[in-house]
Amino acid sequence: MSLTHLVIVESPTKAKTIKKFLSKDYIVEASMGHLRDLPQSAAEIPKDLKKEDWAKLGVDVDNNFEPLYVTPKGKFKFVRELKKKLKSADVLYLATDEDREGESISWHLTQILSPKVPVKRMVFHEITKQAIAEALENCRDIDMQLVRAQEARRVLDRIFGYTLSPLLWKKICYGLSAGRVQSSGLRLIVERERERMIFKKADYWGIKVEGLSLEEGKAKFTAKITHSEGLKVAVGKDFDDKTGKLVSDKGLRVLTEKESLKLVEEGKKEDWKVEAIKETHSVSRPLPPFITSTLQQEGNRKLGMSTREVMGVAQKLYEEGLITYMRTDSPTLSKQAVKAARDQIQSLYGEEFLSPEIRQFKSKSKGAQEAHEAIRPAGDTFVLPKDCGFSGKEASLYELIWKRTLACQMAEAKKSSQVVKIKVGESDYQANGTKILFPGFLRVYVEGKDDPNAALDDKEVILPHLEKGDILSKGTLKPSEHSTKPPARFTEASLVNNLEKKEIGRPSTYASIINTILDRGYVRRVGNTMVPTFTGLAVIQLLENYFENLINYEFTRTMEQSLDDIAYGELDHKKYLKKFYLGKTGLKSKVEENEKKIKPEDTRTISLPHINGKKAEIKVGRFGPYIISDKKTEADDEIRASIPEDIAPADLKVEDIDQLIEMQEKGPVPIGVHPDNGENIYCLIGRYGAYLQLGEKTEENPKPRRSSLPKNLTPQTVELSDALRILSLPRELGAHPEKGEPVLANVGRFGPYVMCDGEFRSLKKEDDVYEVVLERALELLAQEKKASRRSKLLKDFGDKSKLKKKIGIYEGKYGPYIKFGSKNIGLPDDIKSDEEKVLKLTLKEVEKIIEEKKKK
């Protein structure tokens, strides 16, 4: 009689993929992530421990830092199901991910399930038939060093956050938090903003000449002025950001507008003579294949995805068996991967594009994590991007990984660079040319570019054949004004790069660091950049003043190293935790020592170096940042004005403060009267910026009509005609001929749209929200709504339902679900975990699930 094997993984998608490679004797179930964790709320603390002070922390710091593990709300049903399946199993395989987190999940499963059958730890870094077969043959025990390392991180993060966060609530405002790595990450962003605050702009001029050629009608090229009267012409890098002055004025000349115009006139009269030509040859080598941090950076730069999105999509690709495990610090490729890459290069591009020797890369990080290999396409034959079975972000990310993997085994790119110096009277000009002699790996992958062929064209600047002494035909001289730019704010890609350089956290934590500081309101996204809020500044200000050592980059780095040492068995995690928390200069004593010193009024006051000295205080409170003027009202009351959240700290100017205080002091002044009802129209400033209001707020009219002021208008420039147009939204276009519900046109967070009965459709570029008519709105509403790129349609019931809305079953990030009109409804757990049951669902059964959800 054959044995029954129970295999437990984390997610339904991973379970579904692994099932394909196992016989019917194997039952594959999903734990749905962690089934035990530290308590997230008082409700999760067991009754017999509720009176214990340490239970709120979830760690008994006086009992050798023993953690209190509980099963989170909503996870009991998965525990019951797994216990039920284990009863009929002869062997238990724990097939969670191969990193610290996965090892910890496996250990917790043994603690919850208390298996009486043999337990085997099964590890693999790709989900292919061969990898699963090898994993079954090479099972091992749970690695308790990794488990202890994960527990130490979890406990350390908990005592750090739960000890410091209440202090922030008392001293700044409720709901704030501090974190072991998130606070150091936030400090990087705040420090960059401070650099922008003290930045001093410098203006300078240059001259560019276009249309230079050896003879009339021949190939044309451009050149820029480099020297004048023996002095180098200053450019942006020659100026100091803090002073706006030259770093060193020796041998430098800053051109003014007048001087540049004079040089242009001189250039028209002088001969343009080639004085020197320098040609150099160089090679470019491909970058290593992706590790977690570089994938996050390129996903952000090239595809515009957040680090969180990159990791979510990569997780899906891994669980579908398309790529290797995506949490790794190792850029090494297996022999199997190298052969697959080289075979595909030879097949697609020819032998000349292969590197003469196999390339292998080593990790620069001493604390490289446990995963065995770089992120690459799975298997011994890579799936071509066009055959990956996905579209949208999944397809784009897979193609990125595929290209980077192939590129690392391709030949070097060979380039030729030319520098041509041209003498024009007392001035020198320079033309630069680049020629790709052999594209090599650039044929497939150019960092930061989407289209390698277009990127190659961009890299090439071909100069005509020139010789010393040639007289050039004159081009068009153009003087140009330039200004130095403040240090660029971080993008997610550049922040990840800096976190890695300073060894703050580990690549697997970067996405959660960024996500946390965004969710907490310490940072907001503006385009692709990350801008700290005034609240974020207040948090860092307090931590710098009283707990500088905890957010010191070197301290954070050594803490990470200590946690790695625990993973290697070189450091006792209990002793380390005791020293960190209960030591003489430990966290507990530091908080107790400083709590009485910290005055809330001081910590809520923000110091902005670029406007200090202005007679107004900037503070943060429950409802955001605000200004307190040194002026008083006639009744001797303070004048306070909210600072709109869309103003970044470094962008707040003295004039903005004056304007905000003046508007608050004068009170609402109408910009006109509505012609239809005679009500005043006001332009006001609130927490989220400027907005228009129709009428006064009274007891009879507690919610007057309001609309945000579009970004192209300001309170100073908005006119009555603009206000009437903006306040006309939402527009009722008429009733839907079938539903009888009103059809509306409006502008929302993601732009203009039309909607009816909960169904939304974005307007196209050619549509005007103020002009769109009912007929066009109905046409848009009739169009099929695009499903989320993360979702895949499994079964479509269309609009045949008696419930009179479209119904479909989709595969989402967290498993299958029902889409009912515009609402998403989860499937019962006993159906959700079984793909066969999901696909066999009838319309009648789906309607029953929807109706039961409605009743609840």
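**Burial, salt bridges and a charged patch**

User: Why is Arg187 called buried?
Analyst: Arg187 has a relative accessible area of 9%. Buried means under 20%, exposed means over 50%, and partly exposed is what lies in between (1.4 Å probe, protein chains only). With 9%, Arg187 therefore counts as buried. Keep in mind that this is a predicted model, where local features need pLDDT of at least 70 and side-chain atom pairs count only at pLDDT 80 or more, while totals for chains, interfaces and linings use all residues. Residues are numbered from 1 along each chain as its sequence is written, and side-chain values use heavy atoms, with hydrogens and water left out.

User: What makes Glu548 and Arg187 a salt bridge?
Analyst: The rule asks for a side-chain nitrogen of Lys or Arg within 4 Å of a carboxyl oxygen of Asp or Glu. For Glu548 and Arg187 the N to O distance is 3.1 Å, so the pair qualifies. Glu548 sits in the loop between helix H16 (534-546) and helix H17 (553-567), and Arg187 in helix H7 (residues 182-197), so the bridge ties together parts 361 residues apart in sequence. Helices here are DSSP runs (H or I) of at least four residues, strands (E) of at least two, numbered from the N terminus.

User: Which label does Glu548 get, buried, partly exposed or exposed?
Analyst: Partly exposed, because its relative accessibility is 32%.

User: What makes Arg776 and Glu766 a salt bridge?
Analyst: Their closest N and O atoms are 3.8 Å apart, so the pair meets the rule. Arg776 is in helix H23 (residues 774-781) and Glu766 in the loop between strand S28 (759-762) and H23, 10 residues apart.

User: Why is Arg776 called buried, and why is Glu766 called exposed?
Analyst: Arg776 has a relative accessible area of 17%, so it goes down as buried. Glu766 comes in at 63%, so it goes down as exposed.

User: Why are Glu779 and Arg776 said to be about one helical turn apart?
Analyst: Because they are three residues apart in helix H23. Glu779 and Arg776 also form a salt bridge, with closest N and O atoms 2.8 Å apart.

User: How many salt bridges does the rule give?
Analyst: The count comes to 50.

User: Which residues form the negative surface patch?
Analyst: Glu266, Glu270, Asp271 and Glu426. Patch members have over 30% relative accessible area and no salt bridge, with like charges joined within 9 Å and nonpolar side chains (Val, Leu, Ile, Met, Phe, Trp, Tyr) within 5 Å. Glu270 has 35%, so it passes the area cut-off.

Methods
Accessible areas come from the Shrake-Rupley method with a 1.4 Å probe; for residues, only the protein chains shown count as cover. Lys and Arg count as positive and Asp and Glu as negative; His and the chain ends are not counted. The place of a charge is taken as NZ of Lys, CZ of Arg, CG of Asp or CD of Glu.
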